[in-house]
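Thanks, everyone, for making the time.

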Amino acid sequence: GNHFALGSLVYYYQLNGEKSLSSTPIYLGASLELGNVWQRTREISAEDAITAGSLLAGMDTFLGPLYIALGGTEEGDKAPYFFLGQGF
């Protein structure tokens, strides 16, 4: 579609603080998203919005951020994610 709306809340927590034995920051987190895509402006409706969320683990590496996640939607769709490097 030509029109989209997306709202996202993301929370992450650094497991190892400054006093940790490991100097590599490690994170756990979760996200909650709400949005959709519509072909025409007159079709845009909050009732059509899809809710989704994910659980993630990540760390900073010399190649950039690394994270793995498992996401799912209210409709039962699920997807694993793997990301390494800087985003554009």
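**Overall build**

The chain you see has 0 helices and 5 strands, where helices (H or I, at least four residues) and strands (E, at least two) are DSSP runs numbered from the N terminus. From the N terminus on, the order is therefore simply β-β-β-β-β. The radius of gyration is 17 Å, well over the 12 Å that the globule rule gives for 88 residues, so the chain is more spread out than a compact globule; that radius is taken over C-alpha atoms, and the rule is 2.2 Å times the number of residues to the power 0.38. Along the principal axes, the C-alpha trace spans about 55 × 25 × 20 Å.

Before going on, please keep in mind that this is a predicted model, in which local features need pLDDT of at least 70 and side-chain atom pairs count only at pLDDT 80 or more, while totals for chains, interfaces and linings use all residues. Residues are numbered from 1 along each chain as its sequence is written, and side-chain values use heavy atoms, with hydrogens and water left out.

Buried residues make up 19% of the 88 residues, with buried meaning under 20% relative accessible area, exposed over 50%, and partly exposed in between (1.4 Å probe, protein chains only). Of the contacts with a separation of 6 or more, 34% are accounted for by residues 24 or more positions apart, a contact being heavy atoms within 4.5 Å.

**Two residues**

Is Ser54 buried or exposed? Ser54, which has its place in strand β3 (residues 50-61), counts as buried because its relative accessibility is 16%. Its side chain is joined to that of Ser31 by a polar contact of 2.5 Å, the term meaning a pair of N or O atoms within 3.5 Å, where within protein one must be able to donate a hydrogen and the other to accept it, and residues adjacent in sequence count only if both atoms are side-chain atoms. Not counting residues up to four places away in sequence, Ser54 touches Gly29, Ala30, Ser31, Glu33, Leu70 and Gly71.

Lys78, by contrast, is exposed, with a relative accessible area of 68%, and lies in strand β5 (residues 78-84). Leaving aside neighbours within four places in sequence, Lys78 is in contact with Gly71 and Gly72. The C-alpha atoms of Lys78 and Ala52, 26 residues apart along the chain, are separated by 9.4 Å.
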